[in-house]
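Hello,

Here is the structure that I promised to hand over, and below it you will find my notes on what turned up. Please read them with the model open beside you.

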Amino acid sequence: MKVICTEQSQVLATQVARALKTTVVDVKYSRFPDGELYLMAGEIDDEMIIVGSVVDNDSLVQLMLLADACDRATNRLVLPYMAYARQDKRFKAGEPISSRVVARALSQGVSEVITVNIHEKEVLKSFAVPAQNISLAKDIGTYIKTLRLANPLILAPDEGAIAFAEQVASAEGWEFDHLEKTRLSGVEVRMAPRQLSAKSRSVVIVDDIISTGGTIATAAGMLYEQGAKDIFAACVHGVFTGGAYNRLMATGIRDVICSDTIERSCSRISAADRIAQALRKR
Ligand code: R5P
C-alpha cells in the first residue's frame, strides 16, 4: 500500500502515510502552456490511497487525474474537505446539485471513499461507491483541553451544528449550547446562547466550516457585548475566504483553530490518525 496526493494535501498525506507505515509516491505537477493541468506519478503500488481535499477546481481535476494515473491499482479515496458539498440541493430552479456532480466524478476509478466532517451526510449517497464519513469533533475537544480554560462554554453558531458542539463538549463534559438569532427590528438582530449565559465565561464557538467568517464574527461581537471573558473559534475546515481569518481576529477573538483537512498555518489538529484508523479497518 502506498499513498499519493494532490499538491494541496501534501502535509496531511505524509502524516497519513507515516501512520500507516508506508510512503508517499512522488508526483510531478505542472501545466501545459494553455493552462491545462498535467501530472506524472512515480511508481505506484497495487493498493493506493489517494488523499486530496477539493479546495478549488484545480484540486478537483488533480484528484481525477490521480485516480486515472493509478488505474492499474485498487484505489481508495480520502477526501478530507469536499468543496461544493454545501450545494447539496436545488435551492432555486435551474441550479445544479453540485455535490452530486463532484461525488459522481470522484467515484470514477476508486473502490471506496472516506470523507471528514462532510457538510451534509446525505451527500455520501451520491458517490457511486461505498462512502463513509469520519468526525474530528472529539479531536477538537482534545485540543480545547490543552487551552486549559476554566469551565468553557462550547457554542454552536446555529441549531444545525448542535450535535457537533455536543461531541466537542463531551471531551471533558463541558456545557454546550447553540446561538439563537432574535430579530429586534427591521435592521437589528441579536445573537445569544439559547439557554446559557456567556457572561464572564470563556466561549469556544465550534463549527464544521469557517468560510467568510461572517457567522462567527457577528456572534463574537455580540458575545463580548454580553460579557464573555474571552472567545475562541474552532472548526474542521478552515476555508477562510477573502480575509476571513483577519476579520475574525479583528473582532477580538483570542484564537482561530482549524484542522489540516485544508492545510493552514493555524491547522493545529490533524485528521491523519483518524483517517489512518478508518483505512486500517478495511
Ligand atoms: C453552514 O451551514 C456551515 O456549517 C457554516 O456555518 C458556514 O459555512 C459558515 O459560513 P461563514 O463562515 O461564511 O459564515
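About 50 Å³ of space lies in the largest cavity of this predicted model, where a cavity is, on a 1 Å grid over the protein atoms alone, a set of points at which a 1.4 Å probe fits but cannot get out. Grid points are joined across faces, edges and corners, and a volume is the space filled by probe spheres set on the points; by this rule the count comes to one cavity of 30 Å³ or more. The lining, meaning the residues that have an atom within 4 Å of a point, consists of Ile50, Leu63, Met64, Ala67, Leu77, Ala105, Leu106, Gln108 and Val110. Two elements give two or more residues to that lining, namely helix 2 (57-69) and helix 3 (98-107), and the largest share, three residues, comes from helix 2. Helices (H or I, at least four residues) and strands (E, at least two) are DSSP runs, numbered from the N terminus. The cavity lining divides into eight nonpolar residues, one polar and no charged, if Ala, Val, Leu, Ile, Met, Phe, Trp, Tyr, Cys and Pro count as nonpolar, Asp, Glu, Lys and Arg as charged, and the others, Gly among them, as polar.

Before going further, please note that residues are numbered from 1 along each chain as its sequence is written, and that side-chain values use heavy atoms, with hydrogens and water left out. Since the model is predicted, local features need pLDDT of at least 70 and side-chain atom pairs count only at pLDDT 80 or more, whereas totals for chains, interfaces and linings use all residues.

Next comes the largest pocket, a pocket being an open set of points with protein on both sides within 12 Å along at least five of seven lines. Its volume is about 660 Å³, and among its 24 lining residues His119, Gly160, Ala161, Asp207 and Asp208 lie nearest the centre. Helix 5 (162-169), strand 11 (202-210) and helix 6 (214-225) are the elements that give two or more residues to this lining, with strand 11 supplying the largest share, four residues. By residue class, the pocket lining holds seven nonpolar, 11 polar and six charged residues.

Now to the chain as a whole, which has eight helices and 14 strands. Its radius of gyration, taken over C-alpha atoms, is 20 Å, close to the 19 Å that the globule rule gives for 282 residues, so the chain is as compact as a globular protein of that length; the globule rule is 2.2 Å times the number of residues to the power 0.38. Along its principal axes the C-alpha trace spans about 60 × 45 × 35 Å. Of the 282 residues, 50% count as buried, where buried means under 20% relative accessible area, exposed over 50%, and partly exposed in between (1.4 Å probe, protein chains only). Among contacts (heavy atoms within 4.5 Å) between residues at least 6 apart in sequence, 61% join residues at least 24 apart.

The largest nonpolar core has 41 residues, and those with the most contacts inside it are Ile140, Ile144, Ile154, Val206 and Ile275; such a core is a set of buried Ala, Val, Leu, Ile, Met, Phe, Trp, Tyr and Cys residues joined through side-chain atoms within 4.5 Å. Not counting residues up to four places away in sequence, Ile275 touches Leu12, Val16, Val78, Val116 and Ile134. A second, separate core of 33 residues includes Leu60, Met82, Val123 and Val129.

A few single residues also deserve a look. Glutamine 62 lies in helix 2 and is buried, with a relative accessible area of 4%; leaving aside neighbours within four places in sequence, glutamine 62 is in contact with Thr6, Glu7, Tyr29, Leu37 and Leu39. Tyrosine 84, in the loop between strand 5 (74-79) and helix 3, has a positive phi of about 80° although it is not a glycine, and is partly exposed at 36% relative accessible area. Arginine 148, in the loop between helix 4 (137-146) and strand 8 (153-156), likewise has a positive phi, near 50°, and is exposed, with a relative accessible area of 76%.

Best wishes
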